Amino acid sequence: MVKYVLKKLAIAVVTLFVILLILFLMMELLPGSPFNDHKLSVDQKQVLMESYGLDKPVWERFFIYIGNLLKGDFGVSYVMAKDVPVSELIGTRMPITIIIGLAAMVLGSLTGLILGFLAAFKKGKVLDVICRILSIICISVPSYIFAIVFSYFLGFRWKVFPLLFNYDSPVASSVMAVLALSVFVTGVVMRFTRDEAATVLASDYVLFARGQGISNRKILFGYVMRNSMMPIITIMAMLLVSLMSGSLVTESIFAIPGIGFLLTSAIANNDYNVVLALSFVFATLFVTARLILDLLYGIIDPRVRVGGVKK
């Protein structure tokens, strides 16, 4: 088990290093610079580049950045909040994104689980067809489209919720964003739940239980949920991370001061350190979630550790 854990940790570390290198090179290849103000002369821009160490070779800046990163230092903002540590910017905005993401995850997961199990029990019938069509729509249509629809009807036409984020009513201001982000989760969880539950329902032991006269309720909680939840939990874990990075446009639509809105603003302003830090944070969340799932698989099923089972 120790060898398996060390192997997975090594793969995670190497993956993050490669991701950071790619991100750093992409920042280098982007046109323009953080100091695009037309009021600045060429000499002034050069002074700024030297003061922030941006005049050094790429490889030197990369290893300096890694050294600072190991200390928890993501550098400072060049444009959006001049000389403010990027870690401070992320720290103040991360809680908002996490709360909205968790709320969307809970809402979408519960809705998807309920509809998925109902569709599995009604396989081949009208309800099953409706749920499958609904899941395709939820997965295919981008979240920002739903955000625009909710914004128009719930915010503009019916004035149920504030159009833009308001610190005086943060809960009401976040409802439409939560609804928009939860739609994709609902579709994915519904599809996986329906397929996994339908497979379990068609198994011999469930057919035997039904032949013994066991009620659908006992079959659901005693057989179906127990044997189909592991793959569903796996996809839900990855969805939770994707919500954090997938809220970029949605947060911008509702002017929610989260890390998604921060990233889009940083890209627009060529604030390289903010863009690099947030992109690396998102990548770290994905890799960490995948690592945790791999370790859990290894604990639950020893065959995974020796390569006997393909995930």
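This dialogue walks through a few features of the structure above.

Trainee: What kind of model is this, and how are residues numbered?

Mentor: This is a predicted model, where local features need pLDDT of at least 70 and side-chain atom pairs count only at pLDDT 80 or more, while totals for chains, interfaces and linings use all residues. Residues are numbered from 1 along each chain as its sequence is written, and side-chain values use heavy atoms, with hydrogens and water left out.

Trainee: How many residues does helix 1 have, and which are buried?

Mentor: Helices are DSSP runs (H or I, at least four residues), numbered from the N terminus. Helix 1 has 28 residues. Its first and last C-alpha are 41 Å apart, close to the 40 Å expected at 1.5 Å a residue. That expected span is 1.5 Å times one less than the number of residues. Buried means under 20% relative accessible area, exposed over 50%, and partly exposed in between (1.4 Å probe, protein chains only). The buried residues of helix 1 include Tyr4, Lys8 and Phe24.

Trainee: Which residues of the largest nonpolar core touch the most other members?

Mentor: A nonpolar core is a set of buried Ala, Val, Leu, Ile, Met, Phe, Trp, Tyr and Cys residues joined through side-chain atoms within 4.5 Å. The largest core has 37 residues, and Ile100, Phe117, Phe150, Val189, Val224 and Ile256 touch the most other members. Helix 4 (86-121), helix 6 (143-157), helix 7 (170-201) and helix 9 (216-245) each give two or more residues to this core. Helix 7 gives the most, with 13 residues. Apart from this core lies another, of 34 residues, among them Tyr65, Ala81, Phe280 and Val281.

Trainee: What is the phi of Ala255, and where does Ala255 sit?

Mentor: Most residues other than glycine have a negative phi. Phi of Ala255 is near 55 degrees, a positive value. Ala255 is in the loop between helix 10 (248-253) and helix 11 (259-268). Ala255 is partly exposed, at 28% relative accessible area.

Trainee: Is Asn270 buried or exposed?

Mentor: Asn270 counts as buried, at 16% relative accessibility. Asn270 lies in the loop between helix 11 and helix 12. Its phi is positive too, about 55 degrees, although Asn270 is not a glycine.

Trainee: Which helix gives the most to the lining of the largest pocket?

Mentor: On a 1 Å grid over the protein atoms alone, a pocket is an open set of points where a 1.4 Å probe fits, with protein on both sides within 12 Å along at least five of seven lines; lining residues have an atom within 4 Å of a point. Helix 3 gives the most, with four residues. Tyr52, Leu54, Arg61, Tyr78 and Asn273 lie nearest the centre of the largest pocket, among 24 lining residues.
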